Amino acid sequence: MAGIKRLQKEYRDLMKEPMDNCIAKPLEDNLFEWRFIFKGEKETPYENGIYMGKISLPKEYPWKPPKIQMITPNGRFRTNGTLCLSFTHYHPESWNPALCVRTMLIGLISFFYDNDNTTGALRSTINEKQMLAKKTNEYNKTVGDYNLLFEDNILELNSLPKTVIIKRKKKKQV
């Protein structure tokens, strides 16, 4: 029960004070299953990509660490396999119950831009990462949870090319 109240508060806090370039939401029917998206930073191989992942929190949360997975192909982490980070189930000895969904996402996103190796990491070229970044919107639309939770999200809308309408002045008829 403590985990449910804690997660409800974390979600309220994320809605009240959203993260820059990141959105996280629990599944409607399970507060222990979260999905997140974040936008690739400018001047990186991930620029304009929208990357989706999931956080699976144990029923003992916040006393036990989560499992974290990436869903969108990205060239940095494999998809649908758990990631080994200091705040995941791979390292229960270093888990701190003061960590929350927000701080886990900050850590994950920070590590996303490093080249450090870990379980779940991939080696790929800059070109491969750039090509995957261009395909993220198309890929994400094939994922049911993305369509359910993040349809018409601000991160995706901001990454689409802007349409400019130029109005011509009508010539005066003589």
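**Exercise 1.** Find which residues touch the most other members in the largest nonpolar core.

*Solution.* Start with the rule: a nonpolar core is a set of buried Ala, Val, Leu, Ile, Met, Phe, Trp, Tyr and Cys residues joined through side-chain atoms within 4.5 Å, where buried means under 20% relative accessible area and exposed over 50% (1.4 Å probe, protein chains only). The model here is predicted, so local features need pLDDT of at least 70 and side-chain atom pairs pLDDT 80 or more, while totals for chains, interfaces and linings use all residues. Residues count from 1 along each chain as its sequence is written, and side-chain values use heavy atoms, leaving out hydrogens and water.

Then sort by element (DSSP runs: helices H or I, at least four residues; strands E, at least two; numbered from the N terminus). H1, S1, S2, S3 (50–56), S4 (67–70) and H2 each give two or more residues to this core, with H2 giving the most, seven.

**Exercise 2.** Work out where the buried residues of H1 sit around its axis.

*Solution.* First list them: Gly 3, Leu 7, Glu 10 and Leu 14. Finally, check the partners: the buried residues pack against S1 (22–27), S2 (30–39) and H2 (101–112), contact being heavy atoms within 4.5 Å.

Conventions: Arc of directions from axis to C-beta.
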